[in-house]
Amino acid sequence: MSIETMPFSKALNAGLRKAMEDDSRVLLMGEDIGRLGGVFRVTEGLQKDFGTRRVLDTPLAESGIVGSAIGLAMAGFRPVCEIQFDGFVWPAFDQITSQLAKVTNRHAGALSMPVVIRIPYGGHIGAVEHHQESPEAYFTHTPGLRVVSPSTPNDAYWMIQEAISSNDPVIFMEPKSRYWPKGEVELEASALPLHASRIVRRGTDVTLVGHGAMVTTLLQAAALAESEGTSCEVVDVRSLSPVDYGPILDSVRSTGRMVYAQEAQGFTSLGSEIAATVMERAFYALEAPVLRVSGFDTPFPPAKLEGVYLPDADRILEAVDRSLAY
Amino acid sequence: MTSTDTPLVRVLEADGTFAPSPASERYLPLIDALTDAELEQFYRDMVAIRAIDTQATNLQRQGQLALWPPSRGQEAAQVGSAHAARRQDTIFPSYREHAVTRIRGVDPVDIIKLMRGVSHGGWDPTDPKNGNTRLYTLVLASQTLHAAGFGMGLTFDGRTGTGDPERDEAVVVYYGDGASSQGDVHEAMVFAASYGAPVLFFLQNNHWAISVPVSTQSKVPLVGRGAGYGIPSVRVDGNDVLASYAVSRMLLDEARAGGGPRAIEAVTYRMGAHTTSDDPTKYRGSDEEQSWAQRDPIARMRAYLLSRGASEEFFTAADAEAAAAAEDLRARTVELSAPGPAAIFDHVYSEPHPLMAEQKAWLADYEASFEGGAL
């Protein structure tokens with residue numbers, strides 16, 4: 001077994017490199033991703049090794065990046081687009097939702113759209129407006145797209161490769177606060193398919209479910225709860241569309257309680273969808289309503305207030321207590 | 001620069017007189033090289049598509065189609081540019097390019113599928129019989145970026161710019177004066193220019209974006225936009241099929257030879273409504289319509305062919321051929337039925353998807369639950 005310890009961003013870089021080595025039709029495109037290696041250095045060194053025809057420093061235009069990626073896919077390429085920050089994806093929204101997501105359907109299956117759109121998302125980095133948002137629900141609400149979010153370096157390494165090999169468009173949400181922490185990467189074999197959720201901590205009293213950076217917060221909350229005598233099971237959703245409900249439902253049927261945590265605002269969110277589905281499918285197993293802990297339904301606040309907005313372990317534990325009180 | 005002092009390529013006057021404008025000089029050898037058979041084909045294509053277009057408009061009026069966007073008046077711009085494209089080229093239409101798609105090999109009844117509401121597409125662009133013609137795009141200007149990206153791909157793969165015009169590929173993308181205001185056109189021109197993509201941006205200025213005149217889209221001739229991107233651009237009389245052909249041919253060959261993108265503003269007129277849902281009497285006068293009727297592209301070419309000695313038999317045959325094509329379209333349109341309900345789940349994704357499988361199974365069970373089976 002070949003295991004290396006590396007930060008999430010380096011694991012992504014290694015995964016992208018592997019995908020480019022494996023398939024000469026894979027190309028990367030985005031703003032500042034070549035010479036600079038991306039503002040988060042995820043693509044560092046790739047243009048030097050693969051050249052400017054496979055790692056494109058594009059003009060500064062998000063609709064142009066995604067729209068031309070669609071044309072490149074029509075010409076047989078497998079483009080991987082980087083959107084520099086979550087809040088900068090909107091100029092490309094029409095090309096993503098009206099075009100990329102619908103091309104295969106419009107062509108009655110005659111054409112597939114193997115395009116990956118990487119979006120660094122979420123808070124915790126103290127940045128200015130438009131740099132800390134969690135827009136995943138806009139994409140999970142769009143038929144034709146697949147949406148995933150790794151939470152560990154190992155998942156980053158494997159899921160980016162699996163996303164690139166998918167023949168459907170994949171919105172690849174990268175929890176940017178997790179770019180720097182290191183973790184073990186198993187370089188030889190992927191443990192899980194792209195669209196699988198996973199139980200990452202065993203417990204018996206309450207099931208905590210979330211995605212992206214929030215998985216780390218859920219694990220912190222579970223550790224704190226344990227010191228107070230409550231055993232929490234934690235599920236990493238990983239695939240936001242489609243959702244793999246198996247492990248989530250298995251866990252809820254054993255604990256009878258569930259809390260969903262997410263950075264995104266709660267109204268019509270991924271947590272809302274998963275909560276509703278769990279209540280439909282595991283109603284008789286539930287001892288309490290499924291509870292959600294989310295960002296508030298406000299714009300993401302100025303950085304000095306992000307700690308108020310973003311769910312932390314204490315807010316998750318408050319929900320755990322409410323669940324246990326039923 | 002105003003409309004009147006912008007050079008315009010025109011070789012046929014409105015009455016069909018062969019009188020090349022000063023700007024058309026460099027294109028004349030391409031026109032001289034056209035055979036009688038080719039000239040007659042241009043005419044036959046224009047007449048046929050007008051008949052088909054008229055038939056489709058009638059079919060909508062009779063409840064057979066949800067919508068039809070008439071191409072009436074724009075036949076010369078479309079037929080000329082479509083014949084200028086080479087076999088290996090790829091075409092990205094907007095949604096009014098009925099003549100272009102037909103010339104490339106797309107069966108007009110495939111367009112009807114979209115307008116009748118039985119498909120969101122209608123044909124398979126990867127099937128060789130469709131002449132590399134991509135699907136219609138209804139969100140204005142989106143396809144200009146797809147064309148730019150496709151052209152970038154041709155460049156990256158060395159499928160263009162080798163110096164062999166019989167093999168080097170190029171792209172034609174159609175859009176209109178209204179779409180020209182969309183940001184995607186700007187981004188497409190930036191990308192195409194930046195990567196030297198062999199894309200011909202073919203703008204049909206038909207003067208009206210539904211009810212809004214071109215003067216609202218631009219205070220200066222739209223052909224001037226290309227210069228800002230370093231894209232050589234030419235203004236052509238879009239109702240002159242010879243000018244449309246020759247300029248498109250030359251610019252496409254320049255693009256395929258490695259010259260990068262090119263642009264054309266074809267000045268034409270939408271003689272009909274925007275679509276069958278539109279009422280032009282609310283926003284434009286009959287004087288304007290009359291003045292453009294005097295510049296009808298088909299009448300112009302007919303007069304020119306007559307002056308070259310075309311026979312009455314030729315025109316009679318062309319009309320008969322067009323009428324037959326229109327009648328054939330009608331017969332096949334009314335036969336088109338919607339696919340079964342389960343089809344809505346079939347091609348949302350290329351790979352298996354649990355939600356699609358689940359909802360498809362649910363719908364089948366639900367329908368089977370009714371007495372007598374399916375709805």
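**Domains, sheet and interface**

The centres of domain 1 and domain 2 of chain A, taken over C-alpha atoms, are separated by 26 Å. Before I go further, please keep in mind that this is a predicted model. The domain assignment puts domain 1 of chain A at 7-186 and domain 2 at 198-324.

Where do these two domains meet? In chain A, 24 residues of domain 1 are in contact with 20 residues of domain 2. On the domain 1 side, α6 (136-140), β6 (146-148) and β7 (170-175) of chain A each supply at least two of the residues that touch domain 2. By class, that side of domain 1 of chain A has nine nonpolar, ten polar and five charged residues.

Now chain A as a whole. It has twelve helices and 14 strands. Of the 326 residues in chain A, 56% are buried. If you take the contacts in chain A between residues at least 6 apart in sequence, 79% join residues at least 24 apart.

Next, a sheet in chain A. Five strands form an open sheet, in the order β9-β11-β10-β13-β14 of chain A, with mixed pairing. Which strands are at the edges? They are β9 (198-201) and β14 (291-295) of chain A, each of which pairs on one side only. From one strand to the next, the twist averages 25 degrees.

As a reminder, strands of a sheet pair through backbone hydrogen bonds, either parallel or antiparallel. In chain A, β9(A) pairs with strand β11 (residues 232-236) in the antiparallel sense, over three bridges. Within that region, Ile199(A) stands opposite Val235(A) in β11(A).

Two helices lie across this set of strands. Helix α8 (residues 214-227) of chain A lies across β9, β10 (206-210), β11 and β13 (258-265) of chain A, and runs at about 175 degrees to β11(A). Helix α12 (residues 313-324) of chain A lies across β10, β11, β13 and β14 of chain A, and runs at about 160 degrees to β14(A).

On to chain B. It is divided into domain 1 (22-335) and domain 2 (341-375). The C-alpha centres of those two domains of chain B lie 39 Å apart.

One helix in chain B I want to point out is α3 (residues 75-84), which is mostly covered, with ten of its ten residues buried. Among those buried residues of α3(B) are Glu75(B), Gln78(B) and His83(B), along with Val79(B) and Gly80(B).

Last, the contact between the chains. How many residues take part? There are 33 residues of chain B in contact with 34 residues of chain A. On the chain B side, α6 (142-156), α7 (183-194) and α13 (354-368) of chain B each supply at least two residues. Helix α6(B) gives the largest share of that side, eleven residues. By class, the residues of chain B that touch chain A divide into 15 nonpolar, 13 polar and five charged.

That's what I have; I'll take questions now.

Terms used: Residues are numbered from 1 along each chain as its sequence is written. Chains are lettered from A and ligands numbered from 1 in the order in which they are written. This is a predicted model: local features need pLDDT of at least 70, side-chain atom pairs count only at pLDDT 80 or more; totals for chains, interfaces and linings use all residues. Helices (H or I, at least four residues) and strands (E, at least two) are DSSP runs, numbered from the N terminus. A residue is buried if 20 or more other C-beta atoms lie within 10 Å of its own, exposed if 12 or fewer, and partly exposed in between; C-beta atoms are placed from the backbone. Two residues are in contact if their C-beta atoms, placed from the backbone, lie within 7 Å. Ala, Val, Leu, Ile, Met, Phe, Trp, Tyr, Cys and Pro count as nonpolar, Asp, Glu, Lys and Arg as charged, and the others, Gly among them, as polar. Two strands pair if DSSP finds at least two bridges between them. Axes are lines fitted to C-alpha atoms, for helices over the stretch in contact, and angles run from 0 to 180 degrees between N-to-C directions. Domain bounds come from an automatic or database domain assignment.
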